[in-house]
Amino acid sequence: MAKFFTPAQINEFKECFSLYDKKQKGKIEAGDLITVMRSLGTSPTFSEIDRHLQVHKIAKQGELDFSTFLTMMHRQMQQEDPKTEILEALKMADKQNKGYIQAAELRAKLTKLGEKLTNKEVDDLFKEANVKSNGTVNYEEFTRMMTLPPVDY
């Protein structure tokens with residue numbers, strides 16, 4: 001599994017995993033799995049956690065080692081695709097299926113739904129993506145730009 005993650009990711013995962021290794025035996029309790037995974041940026045549901053445990057034949061009261069945890073993280077990260085999720089959400093706002101939505105409508109959604117952004121955050125986002133506040137947004141291009149990896153200086 002280590003081949004799917006960068007050394008930095010593995011170190012981050014190991015550090016977080018270790019915080020929940022209460023007995024210092026290189027294992028965490030299955031009940032802590034959802035907390036560990038969520039604190040590392042994934043969003044598994046309880047049923048997804050149950051499925052991960054079933055695949056590895058681990059009881060809900062059982063324990064798992066770091067290697068098994070890495071496998072579960074890999075599977076979870078593969079099934080969570082933020083680009084697709086964002087694109088699907090924006091497509092729902094495109095009633096006529098033209099490939100774009102009004103910038104004002106996108107602003108309203110970003111400031112009023114889900115994890116609400118401030119107007120300043122939306123302004124910064126629009127500036128980064130070259131969106132004019134009175135124009136339209138090609139949501140496929142917008143999503144592509146917003147999900148690019150951050151520049152590493």
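This is a selection-by-selection tour of the structure above.

The model is predicted, and local features are reported only at pLDDT of at least 70, side-chain atom pairs only at pLDDT 80 or more, while totals for chains, interfaces and linings use all residues. Residues are numbered from 1 along each chain as its sequence is written, and side-chain values use heavy atoms, with hydrogens and water left out.

**Stop 1: the cores**

Select Phe13, Leu33, Leu53, Leu64 and Phe69. In the largest nonpolar core, which has 21 residues, these five touch the most other members. A nonpolar core here is a set of buried Ala, Val, Leu, Ile, Met, Phe, Trp, Tyr and Cys residues joined through side-chain atoms within 4.5 Å. Buried means under 20% relative accessible area, exposed over 50%, and partly exposed in between, with a 1.4 Å probe and protein chains only.

Now colour α1 (7-19), α2 (33-39), α3 (46-55) and α4 (66-79), the elements that give two or more residues to this core. Helices (H or I, at least four residues) and strands (E, at least two) are DSSP runs, numbered from the N terminus. The largest share, 5 residues, comes from α4.

Keep Phe13 on screen and show its surroundings. Neighbours within four places in sequence aside, Phe13 is in contact (heavy atoms within 4.5 Å) with Phe5, Leu40, Phe66, Phe69, Leu70, Met73 and Met77. A second, separate core of 13 residues can be found by selecting Leu87, Leu90, Ala93 and Val137, which are among its members.

**Stop 2**

Leu70, one of the contacts of Phe13, lies in helix α4. Leu70 counts as buried because its relative accessible area is 6%. Draw a C-alpha to C-alpha distance from Leu70 to Lys3: the two are 10 Å apart in space and 67 residues apart in sequence.

Next select Thr42, in the loop between α2 and α3. Thr42 also has a relative accessibility of 6%, so it counts as buried. A polar atom of the Thr42 side chain lies 2.8 Å from the backbone oxygen of Met37. Beyond neighbours within four places in sequence, the contacts of Thr42 are Met37, Met73, Gln76, Met77 and Glu80.

**Stop 3: the cavity**

Select Tyr20, Asp21, Lys22, Lys23, Lys25, Lys27, Ile28, Glu29 and Glu63, which line the largest cavity. On a 1 Å grid over the protein atoms alone, a cavity is a set of points where a 1.4 Å probe fits but cannot get out, whereas a pocket is an open set with protein on both sides within 12 Å along at least five of seven lines; lining residues have an atom within 4 Å of a point. Grid points are joined across faces, edges and corners, and a volume is the space filled by probe spheres set on the points.

The search of the whole structure finds 1 cavity of 30 Å³ or more, and the largest cavity holds about 70 Å³. Strand β1 (residues 27-29) gives the most to its lining, with 3 residues. By class, the lining has 2 nonpolar, no polar and 7 charged residues. In this scheme Ala, Val, Leu, Ile, Met, Phe, Trp, Tyr, Cys and Pro are nonpolar, Asp, Glu, Lys and Arg are charged, and the others, Gly among them, are polar.

Gln24 is in the loop between α1 and β1. Its phi is positive, at about 55 degrees, although Gln24 is not a glycine. With 67% relative accessibility, Gln24 counts as exposed.

**Stop 4: the pocket**

Move to Ile86, Lys109, Leu110, Glu115 and Leu117, which among the 16 lining residues of the largest pocket lie nearest its centre. The volume of this pocket is about 550 Å³. α5 (82-93), α6 and α8 (139-146) each give two or more residues to the lining, and α5 gives the most, with 5. The lining divides into 12 nonpolar, 2 polar and 2 charged residues.

**Stop 5**

Pro82 is in helix α5 and counts as exposed because its relative accessibility is 52%. Pro82 and Met146 are 64 residues apart in sequence and 10.0 Å apart, C-alpha to C-alpha.

Asn97 sits in the loop between α5 and β3 (100-102). The phi of Asn97 is positive, near 55 degrees, in a residue other than glycine. At 63% relative accessibility, Asn97 counts as exposed.

End at Arg107, in helix α6 (residues 103-112). Arg107 has 19% relative accessibility and therefore counts as buried. Leaving aside neighbours within four places in sequence, Arg107 is in contact with Asn119, Val122, Asp123 and Phe126.

Definitions and conventions
A polar contact is a pair of N or O atoms within 3.5 Å; within protein, one must be able to donate a hydrogen and the other to accept it, and residues adjacent in sequence count only if both atoms are side-chain atoms.
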